[in-house]
Amino acid sequence: MSSYCDHCSGAQQARLEQLGVGFEDIDHIICLAGNPNTGKSTVFNALTGLKQHTGNWPGKTIERAEGGFVYNDKHYKIVDLPGTYSLLSASPDEEVARDFILFGQPDVTVIVLDATRLERNLNLALQIFQITRRIVVAVNFLKEARSHNLNIDLRNLELDLGVPVVAIEARDGQGFAELLSAIAKVCGGDIVPNPKALKLNIPGLKGALNQVKQLLAQLYPQLEHKEWIALRLLAGDASVSAALARGDLENL
Amino acid sequence: MLEAQSNIIARVDELRWQLPPNLNDLLAEQIYTEATQIAARSQERLGASQRLLWERRLDWLLTNRYTGIPLMVLLLAIVLWITISGANYPSALLAALLVDWGWPALKAALAPYLAPWLLGVLVDGVYLTSAWVVSVMLPPMAIFFPIFTILEDFGYLPRVAFNLDRIFQRAGAHGKQALTMSMGWGCNAAGVVAARIIDSPRERIIAIITNNFSLCNGRWPMQFLIATVFLGSLVQAEYANLVATLAVLFVALLGIVLALVSSALLSRTVLRGHASTFSLELPPYRPPQILKTLYTAFFDRTIFVLWRAIVFAAPAGAAIWLVGNIEIAQVPLAKVIIDWLNPLAGIIGLNGVILLAYIIAIPANEIVIPTILMLTAVYSGELHSGSAVMFEASSHQALGEMLAAGGWTITTAICLMLFSLCHNPCSTTIYTIYKETKSLKWTTLSVLIPLAWGFLLCAIVTLVWM
């Protein structure tokens, strides 16, 4: 293949092989997170060739769906999570999403954003930023945003968020080449995302967080997400402190 | 409690005293502020949105207090009318091909090679039942599902939930029950699973128990057929489709009313409590992807349901042929059972054939119609004697004549439509209800409540008619 072809998105997408549910020898696990009705299931279907039910209403995906695909000879398992507005409350669908990002050990979490509702969608994205660093952001419905006379500067957004940002038009099947290449780069370590951290300038919080983090580190040196767990404990999250009390914090 | 862990918890509790008491609010506020700032830095409004204007106008029309519900009913009526009038011709064509021509042809072709009993089981039983399923069910489903899916794609379902919310609240149920109900119009098992979007366990169980009042895939074709054959034929031909549409519309709406009444009864007795509030986003209208929708609706739903129907109908067909031909003291077994069921069925305006069909069809509602046809044929002895006369003309009119010969009247048709709405869920749904509620009590109630309504309504209709 000539070097020109390597840069053509069509050629890159041609390296995608949909596997449906027949996946084995997985190299990487990725998951799709985002607000309800942002097109996660459409992305999932496009990548796996499966026919997860899609519809224009929030709350449609209630269970996580799993599928597989091959891209550039690597086998990926992809998990479609229920859409949620936040990760802070404890409704069943939010728990499914939160627990998977925390404990399913995805190599990449793809956050699908609705370009027409950027503010509210970023609200969830920032919460996911607190849990994991391996993130790719896919901005969907840019065409619709333009018809609302809304212009979104994705390069600026990428700089601001510190994670790869790609434009997709999931319903039209556009942008998947770029999305797949970003996912592969984060999985392979070619890109190391540096998600924007929350400032947390609340009086006394920084010191308290550090103390709790240290205590957790003494007890569980291997524990991931110490910062997030410490924050949830300080915020009085009953489910997290119950898990700590039971001694199974590592699998909440 | 574990030592080290409880130390951390104790330390956390101490630290929390030093933090602002409204820490959670402050955190949420900070995330929100940050999100707003990021969005503001990267997005630019170039002017007023044209689309927002028409979306707002459409939303006003579709969800307003006075026009919302009437427009919803009108839309449903239009969908039903398109289905009924569109399905007639292809149905007749398929029946002509598969039943009038295919059945005798297949029988003649295989007769030299198969023993008579095997020929009977395979051709009169399995083939004929499957052929009926295809000709009766394929056309209406191939029209109804795509239209429904296009509406879903467009974003209409959340608007329906919005319109019905106030009514559901008054019944002590959750507004999102309107969404699970709409899913039930596709498949009750799917509707029961969809009830997971309801957080409150009490309201979730109400939504699960009453989901069966949404006519499912397996029951729509039967409604279309009976309405067309019996009620449509009461009036002049040009009004037949209209009358049939109104009849099916009535049954579908009655389902909503019964779901509401049952919800209200449950929330005032065994599932007492207040309706919880919730927020439901009205997503933007999106132009439906017509071709893609047609493709997926046809292959994912139509063919799926049809396949399920054939899978269940084929063995049922064989079984029916056998009960029709195994004799006890010179009387076919089917006749014995049907005669035994007849008195009970008579009270609720049905007949033994229908009740037996409903028992045989517990695994799948889809096979009620072919089972009824096959049992009627067996009962009247036509199939048994091997005569092919009965099936030679399989237009709707001929079908009506065949059933009328089996003792059917308008009352039977009306009661059958009502009973189809109000009877036990299919075995898949019952199993799903058990899996979702993990309770024998709620599962039993889910079976009994619709049956009770069915017997009550049919008995009333029968009494009033007489």
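Modeller: Two strands pair if DSSP finds at least two bridges between them. Strands themselves are DSSP runs (E, at least two residues), helices are runs of H or I with at least four, and both are numbered from the N terminus. This is a predicted model, where local features need pLDDT of at least 70, side-chain atom pairs count only at pLDDT 80 or more, and totals for chains, interfaces and linings use all residues. Residues are numbered from 1 along each chain as its sequence is written, while chains are lettered from A and ligands numbered from 1 in the order in which they are written.

Let's look at strand β2 of chain A, residues 28-34.

Another strand of chain A reaches across to chain B. β7(A), residues 150-152, runs antiparallel to β1(B), with 3 bridges between them. For example, A:I152 has B:Q43 as its bridge partner.

That brings us to where the chains touch. Two residues are in contact if their C-beta atoms, placed from the backbone, lie within 7 Å. Chain A brings 52 residues to the contact and chain B brings 58. On the chain B side, elements giving two or more residues include α1 (3-18), α2 (23-42) and β1 (43-45). α2(B) contributes the most there, with 15 residues. This side of chain B has 31 nonpolar, 13 polar and 14 charged residues. Here Ala, Val, Leu, Ile, Met, Phe, Trp, Tyr, Cys and Pro count as nonpolar, Asp, Glu, Lys and Arg as charged, and the others, Gly among them, as polar.

Chain B as a whole has 19 helices and 3 strands, and 48% of its 466 residues are buried. One of its helices, α9(B) (residues 201-210), is largely enclosed by the rest of the structure because 9 of its 10 residues are buried. Among them are B:I205, B:I206 and B:A207. Their cover includes α7, α8 and α11 of chain B.

Methods:
A residue is buried if 20 or more other C-beta atoms lie within 10 Å of its own, exposed if 12 or fewer, and partly exposed in between; C-beta atoms are placed from the backbone.
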